[in-house]
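Visitor: I would like to go through the side-chain packing of this protein with you. May we look at the model together?

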Amino acid sequence: MHQIVRIIIGSTVQRLGLAVLLLGLVACGGGADDDVSNGTPPPEQLTVSGVITAMPGHAVDGSTNNPESPLRDNNRPDQAQPLPNPVRLGGYVTATPTGWPGDRFERLADSSDFYRVALVAGQRIELNISDWTSDGRVDLELWLYEIGNPLEPVVVDAAVGTGPVETLVAPASGEYWLEVYAFRGGSNYQLSIGEVTATTTSSPQDLRLSTPLLADEVLVKTRPLTAIQRATGASEPLDTLSAAGLELLSGMPEHWTRWTVEHPQQAVHTLGATAPDRPMTLSAEQQQRLAILNVVKALRDRPEVAQAAPNQPLALQRVPNDPGFGQQWHYPLIQLPQAWDLSTGGERQVIVAVPDTGVFLAHEDLQGQLVPGYDFVERRVGGDDPGDAAVVGESSWHGTHVAGTIAARTNNNRGVAGVSWGAQIMPLRVIGRGSGSIYDLAQGMRYALGLPNDSGDVPERRADIINLSVGTNADSPLYAEVIQAARDRGVMIVAAAGNQATDRPLFPAALDGVISVTAVGPNKQAASYANFGSTIDLTAPGGEQRQGTASGVLSTWVEVVGGERRSSYGFLQGTSMATPHVAGVIALMQAIYPNLDYDTFQSLLASGQITEDLGSTGFDPRYGWGLIDALQAVFAAQSLAAAGRPSSILVAEPNTLDFGSLSSEQVLEIRRRGEQLLAVSRIDTNVNWLTIEPLAVDADRLGAYRVRVDRSGLTPATYTATITVTSSLNQVLTVPVSLRVGVSEPGDVGLIYVLLLDEDFRTVEELPVLGNAGEYRFRFSGLEPGEYFIAAGTDNDNDGFICDPGEACGAYPTLGVADPIRVEQNRADLDFVIGYSSAELRASGTASESLESRGLPRLSVDRPRMLYGTP
């Protein structure tokens, strides 16, 4: 009999029967605790039955904690469990024995689950940790290996962060071993491969082995001592870190500080943590990175540490160039000469900070265009660009090139033109010879914002715009602070989207609060190197030198003659070159309308007022909201200055819908941005396999809409569509939609428990059922006439509850409808679906109460020993 939930009171185990229903849905066995008959003749006995179908592509770990489920060991690479692709899988791992009688892993740990799967280059792997808590009690990791020696598998990549979700991306097509590893604690999990999932961007908690980092440095933000701690003589947080062998390089207490770590393993041990020594093959670089990542994890566990992160090198977003000269074709491309007829940016001085390699301060075409800056590499006033290569003549002069595009001195019969003639550049050197770090970038941004920083000084006047033609491959908690500080001060951040020709996000460009810029060439086609994806905001000229050197972006540069730097001009290409075009246009706009901020700019983007639409109508992952149009942008700024506030527009969240190959339902929210009243007058689509219906909308038809797709009749292929929303002001908002149709293997979610519930939602009977080719057949006999509910789910963690996070779940007729089953005669038609993703399993019921609102599947509690102690 499947055990019910156990509540520990003192040293006894009480079985609470129906009372446990207050905590959630429990499996309590079939008829073992029924009342004894009083001799009255039984009423008519009836039978109900049906077939439960597992969602295609859904699978189960072969070694869950439930001892009643079939066991297939997958603890080692040579036992790796084969998986289809795509797949959603529910599993369970634990770093230590559970110690709970009746558990499969009561006395033995199950720290690893290995899988074997064929992946496609760029495919996303996501691990959702069901029992994750912010106190670090549960920590699962995701590892990817080459197929080879099972005794010491070769590591490809690993996600070893401390958050509730771990993600990896397949670097190349082929077969791999995939491991879910319990670093600490035990938990259910859900593993998704090849599907669009809820989490699409990196998190500051992420730690990936493939992310470039400075191999001997960490960044730490400590908590201040409390009054009680000070009274009791507690050690200062910085002293604790020093005692662990970390050496402070720079920073201030209770702000971000930069530390070097000479002996990472010793530091981990001294900080009271462990770094398991597991059989695997790591490159020397991977070993160095993993050692630092383990230090970061150990620091995050410390009570005196508020946040910790690795220090990352900055990457210049420039594609290597070819020699040659040309003209500034990129300005007519965005109607800049026409915009200059209206404004050259002289209405108000706008300061644009450029944290980069510095700026050649003596450049002939930047004289009169600079305000004082700072060199965070060599810690001195100025921000000069001495070169970023060991051989000065081989330097990129990246920051000098970027500065010239924004604000080279124009109309002076010399050199090149800048986008905004009246803007001024704040040069900030954060990249030295060969590399830079995210720490120095954050310090440079703090300087630009007028915040305390390592220079010990702040500018006389802060910047209005920050141009970031640099970035990192992963998010960092340092970004969140400076981005929020910028938004609080109305400072706009414009960043390069990256040059990897991928939809993998570059940071901070991918973050909310930052304007992400990708690139086009002279023909307004997406540049071959340019990144794309859902985080792109707009595009600008970045060059396409495959068509010739002169197809790059021409700007200020440096020539080295006899070891001396001289003013020069050159062509470069990259999203680094596209970004200053946008920063310069924003400078033109702010000169006219100083109150222009991030939210207002996004409103103008989404309404199509400042871009030329490229690609698909509306938002397009290749071009964002389109190519920046300087003329329209100046018009918009003039309108804002005249009106004093922006008009309202419609916005969609999310701004694209991808149903993958399994999802059939999503929620789309339509909102108003701005103060002016407006309503949704019409919402429709251009295909017959997609339907849209209101879910929770107000009188203006603003709010949540349910969007469903119907794959029946569609042949295997990728399909796209557009949702068009028209406002009462005749504005048109478009939302791209995509889905895939293919052949999926029958699902198998393992052993399920089918529960028959009475009209009061009490368990009447339970059936454990194993599937066959994706079908689970059940039959309840000897029933009295009346109303019942039927639900089913797995119990992978063996806690007595079905339908916990990471466990399969289903109900008749669907999870979203709680119409009771009226049993007055035998019924054999009670079929429904079971799976891991609730989106595919729900439907609306017009007069129905949700099963979830009655405590069905999604409510879960910790194991009783966690709540009340081990008996």
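Visitor: To begin, is Phe619 buried or exposed?
Guide: Please note that this is a predicted model. Phe619 counts as buried, at 1% relative accessibility.

Visitor: Which residue forms an aromatic pair with Phe619?
Guide: The partner is Trp625, and the pair is edge-to-face, with 5.4 Å centre to centre and 70 degrees between the planes. Trp625 is buried as well, with a relative accessible area of 11%.

Visitor: How many aromatic pairs are found in the whole structure?
Guide: A search finds 13 of them.

Visitor: Which parts does the pair of Tyr92 and Phe105 tie together?
Guide: Tyr92 belongs to strand 6 (residues 87-94), whereas Phe105 sits in the loop between strand 6 and strand 7 (112-119), so the pair ties together parts that are 13 residues apart in sequence.

Visitor: Which residues do ring pairs link into a cluster?
Guide: The cluster consists of Phe778, Phe780, Tyr812 and Phe832.

Visitor: Turning to the core, which members of the largest nonpolar core touch the most other members?
Guide: They are Phe601, Ile670 and Ile723, in a core of 93 residues. Helix 9 (residues 575-592) contributes the largest share of this core, with 11 residues.

Visitor: Which residues does Phe601 touch?
Guide: Leaving aside residues up to four places away in sequence, Phe601 touches Met492, Ile515, Val582, Ile586, Met589, Leu596 and Ile610. There is also a second, separate core of 39 residues, with Leu219, Leu468, Leu478 and Val514 among them.

Visitor: One last topic: how many disulfides does the search of the whole structure find?
Guide: The search finds 1 disulfide. Cys803 is joined to Cys809, with an S to S distance of 2.2 Å.

Visitor: What is the handedness of the link of Cys803 and Cys809?
Guide: The link is right-handed, with 85 degrees about the S-S bond. Cys803 and Cys809 are both buried.

Terms used
Residues are numbered from 1 along each chain as its sequence is written. This is a predicted model: local features need pLDDT of at least 70, side-chain atom pairs count only at pLDDT 80 or more; totals for chains, interfaces and linings use all residues. Side-chain values use heavy atoms; hydrogens and water are left out. A nonpolar core is a set of buried Ala, Val, Leu, Ile, Met, Phe, Trp, Tyr and Cys residues joined through side-chain atoms within 4.5 Å. Buried means under 20% relative accessible area, exposed over 50%, partly exposed in between (1.4 Å probe, protein chains only). Helices (H or I, at least four residues) and strands (E, at least two) are DSSP runs, numbered from the N terminus. Contact means heavy atoms within 4.5 Å. Rings of Phe, Tyr and Trp (its six-membered ring) pair if their centres lie within 6.5 Å; planes under 30 degrees apart count as stacked, over 60 as edge-to-face and the rest as tilted. A disulfide is a pair of cysteine sulfur atoms within 2.5 Å.
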